[in-house]
Amino acid sequence: MENGGIKITTFVPLQFKRRGVRKVVVAPANVEDPVTDRSQSPSLPPSYDTTLLRALGRGIYWQHLLDTGVVADTAEIAGREGLHKTFVSDHLRLAILAPDLVETALRGELPRNVTLLGLLRDGVPSCWNAQRGQVLR
């Protein structure tokens with residue numbers, strides 16, 4: 001090479017073949033599993049959705065205020081926070097999210113397609129199993 005480096009060429013004997021609508025990796029005859037990830041770390045790092053976490057925190061805090069009698073209703077929370085009553089009601093629905101889903105969100109391990117907008121648009125079911133089915137589909 002011009003700057004004194006060494007050019008290295010690596011040959012990987014894999015083939016891509018179409019199987020129906022999918023493409024698959026076809027290994028040479030002496031390799032059983034050509035694409036196994038043997039690393040100890042996850043292939044994708046945790047992804048913290050700060051917007052969703054902030055909304056979860058607000059919803060849980062506002063539900064605590066309602067449960068302890070600090071405020072009478074959502075209108076009072078909206079008045080204190082300078083927000084619209086609908087915004088408060090939408091975020092309060094997040095307070096009924098299953099505890100394991102909240103922990104998963106805090107670890108940043110929710111599927112990347114789970115967003116605050118999606119949860120508010122689709123609604124949060126009151127049944128925890130239904131929530132898990134909705135979030136992890």
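Start by selecting Leu-116: the residue is buried, with a relative accessible area of 12%. The cut-off for that label is under 20%. Keep in mind that this is a predicted model.

**Around Leu-116**

Colour helix H5, where Leu-116 is found. Now show its contacts, skipping neighbours within four places in sequence. Leu-116 touches Asp-49, Thr-51, Leu-52, Ala-55, His-91 and Leu-94. Pick Leu-94 from that set and draw a C-alpha to C-alpha distance. Leu-116 and Leu-94 are 9.2 Å apart in space and 22 residues apart in sequence.

**Helix H3**

Select residues 85-92, which form helix H3. Which residues of H3 are buried? They are Val-88, His-91 and Leu-92. Turn the view to look down the axis of H3. The buried residues fall within an arc of 105°, so they line one face of the helix.

**Leu-106**

Move to helix H4, residues 99-106, and select Leu-106. Is Leu-106 buried or exposed? Its relative accessibility is 53%, so Leu-106 counts as exposed, the cut-off being over 50%. Leu-106 still has partners beyond four places in sequence: Tyr-48 and Leu-53 are in contact with it. Leu-106 and Pro-46 lie 60 residues apart in sequence but 9.7 Å apart in space.

**Zoom out**

Switch to a cartoon of the chain. It shows six helices and two strands. Trace the elements from the N terminus: the order is β-β-α-α-α-α-α-α.

Along its principal axes the trace spans about 75 × 45 × 25 Å. The radius of gyration of the chain is 24 Å, whereas a compact globule of 137 residues would have one near 14 Å. Colour by burial: 23% of the 137 residues count as buried.

**Surface and charge**

Finish with the surface. The chain exposes about 10,100 Å², and carbon and sulfur atoms supply 55% of that area. Then mark the charges, 17 positive and 14 negative.

Conventions. Residues numbered from 1 in each chain as written. Predicted model: local features only at pLDDT ≥ 70, side-chain atom pairs only at ≥ 80, totals over all residues. Heavy atoms only, no water. Helix = DSSP H or I, 4+ residues; strand = E, 2+ residues; numbered from the N terminus. Rg over C-alpha atoms; globule rule 2.2 N^0.38 Å. Buried < 20%, exposed > 50% of the residue type's maximum accessible area, 1.4 Å probe, protein only. Areas by Shrake-Rupley, 256 points an atom, 1.4 Å probe, with all protein chains shown as cover. Lys, Arg positive; Asp, Glu negative; His and termini not counted. Charge placed at Lys NZ, Arg CZ, Asp CG, Glu CD. Arc of directions from axis to C-beta. Contact = heavy atoms within 4.5 Å.
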